[in-house]
Amino acid sequence: MTRPNNPADGEAQPRIVVIGGGPAGMAACNALLQNDLPVTLIDESNGLGGQYYKRFTAAADLSRGTEIDELRESGAEQAGRLDDPRVTYLPNTLVWGIFPERRLALYVDDRVELMQADALLLAGGAVERIAAFPGWTLPGVMTAGGAQTLLAREGILVGKRFLLTGTGPLLLEIALEIAEAGGEIVAVVEGSSLSAPVRQLRKFVTQTRRMRQAFDYHRELRRRKIPLLSQHMIVAAHGDDHVSDAVVARIDGDWQPISGSEQRFPVDTICLHYGFAASTELAHLAGATTAFDQRYGGWYVAHDDGMRTSASDVYVAGQTSGIGGADLAEATGRLAGLSIAHDLGQLPVDRYTGLAVDARREIDRGRQFAEMLNTTYTAGPGVNEPVTSETLICRCEEVRAAQVDAALAEGALDLNDVKRLTRCGMGFCQGRICSQVLVPYIAQKSGRSPQEIGQFHPRPPIKPVPLGALATMPDPESVFGSPEPGAAEAAAGHH
Amino acid sequence: MRLEELRGERVTRSDGFTFRWDEQEITAYPGETILGALIASDIHTLRSTRFEHEPRGMLCAIGVCYECLVNVDGKPNRRACVTPAAPGMIVRPEGQDEEMRYDAAE
């Protein structure tokens, strides 16, 4: 594998860097290869496929012809096409900083390296949304995706008696995977009403695979006698050093719990899933504008109809460009790859236009479905109602709701005011978890919109990098050349 | 719990090995993370918090939340969910020392 930094080789090819090896990043790389452009693919994990395809990797040597197998093969096929000498693949590599002119700071093998990107695609995906309630920090309370990851990646079931709660079709999917693996599901607790998505689904009768999936999930839940409580949510978890039971209540259309409707379930595992939030930290560092739209799942990286962001030569694809399914992510990745090839003069305008039209048609189709999911399955303003003054909001810095309330009383208006006053978002996770809780919490307390509340200002390193590794950072001038081209020669001329 | 079967397919594991978790010997298999091996041994509390010493376990399992921080062979604040288990490793729960600071991580 080629080393990432070799400024002396003077190659004429611009360096195209794709961050994220999920469906979007892989599709972009394939589009670039089809246009004979070499690409550097950076991924934080140890394998290709992202969180989506990695769910289908367990026991990959066997097959039984199901849809899961089809998806597994599709992921393997896409990854296989990237086994190409023109692809520089850097796994286990964190991009922790982006500096002006798309200068990237990487953390790999306990070292820091620097890399110039001439064109940069941000395809870092999304994080799962969760919600806070008394007891949500107890061991045994986790994201539904976390339980699914251990199951698919390692064949390990995290508990025995499960309750899944939140909103969205993924809850049903993961509940069935856990049940199939032998876990007991005491209830799937869905905040939305069941009739809303069914009414919406009629618009998508032509999208047969999705229709079939939705109905299959419900049929399979009934067959397995798994109780599905719609318009309910979790209001508390109890336990000493591990969760021992969950309290669930009925909610109204605004997700306000209805008092007196509480039910208690003895469980050892509670799985939370409230949809996804786009990972926009790197876009902020790259100087790309973000926007808020519930139809896109909240904050996302703004882009034109060719996936170009507001920052020059910075592109976006996948969940980071708006929450949607893997098909949508692949289509946006392909379009971004085509746009990069076109903008670099490698793809003539007539061919680009034709190919882009096809990709956009697929994107429009995927976006319509995603918008239905993003608006139907979204927590209402009452989601934080169970939070008491003692409930932790920021798990890393152990900030309780009372401290957030005090900051708001002191005049904090937005997320960054609350951060300065309380340390919320300053810990290890850099606000990835507490921002999911804080935005609706502040909105409910203050009446301000998510746009007004804003996003945390990310600063490098966006994830912790040990000081020992920072000490290995090469001299930026040796990688990027002199700060101003020609400056060194001009200085030399004076002597 | 380690599954013998997943989606009707046998889960194959090559030879296991052990690592240390505090005073315990933990069995792990190639391809498992520290988190996976601990959970399979029914260990769910991975650290206690800095200020209030509350127990914490896994949350996201994909390296985002930093809840599953453990000390691995003397290196503090490693994410159990993305760190492969290896033979002979010495893993300790994080939060027993006072210096668990993100800016002091080494």
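This is a predicted model: local features need pLDDT of at least 70, side-chain atom pairs count only at pLDDT 80 or more; totals for chains, interfaces and linings use all residues.
Chain B has 106 residues, of which 42% count as buried, and among the contacts in chain B with a separation of 6 or more, 42% are accounted for by residues 24 or more positions apart.

Where the two chains meet, 39 residues of chain A are in contact with 39 residues of chain B. On the side of chain A that touches chain B, the elements that each give two or more residues are listed in the table.

| Element of chain A | Residues |
|---|---|
| strand 8 | 126-128 |
| strand 9 | 141-143 |
| helix 4 | 144-154 |
| helix 15 | 467-470 |

Of these, helix 4 of chain A provides the largest share of that side, namely five residues. By residue class, the side of chain A that touches chain B divides into 19 nonpolar, eleven polar and nine charged residues.

In soluble globular proteins, nonpolar side chains tend to be buried together. The largest nonpolar core here holds 177 residues, and the members that touch the most others are A:Ala28, A:Leu121, A:Leu122, A:Leu164 and A:Ile393. The largest share of this core, nine residues, is contributed by helix 9 of chain A, which spans residues 326-343. When its neighbours within four places in sequence are left aside, A:Ile393 is in contact with residues including A:Ala132, A:Val399, A:Arg400, A:Cys424, A:Cys434, A:Leu438 and A:Tyr441.

Key:
Residues are numbered from 1 along each chain as its sequence is written. Chains are lettered from A and ligands numbered from 1 in the order in which they are written. Two residues are in contact if their C-beta atoms, placed from the backbone, lie within 7 Å. Helices (H or I, at least four residues) and strands (E, at least two) are DSSP runs, numbered from the N terminus. Ala, Val, Leu, Ile, Met, Phe, Trp, Tyr, Cys and Pro count as nonpolar, Asp, Glu, Lys and Arg as charged, and the others, Gly among them, as polar. A residue is buried if 20 or more other C-beta atoms lie within 10 Å of its own, exposed if 12 or fewer, and partly exposed in between; C-beta atoms are placed from the backbone. A nonpolar core is a set of buried Ala, Val, Leu, Ile, Met, Phe, Trp, Tyr and Cys residues joined through C-beta atoms within 7 Å.
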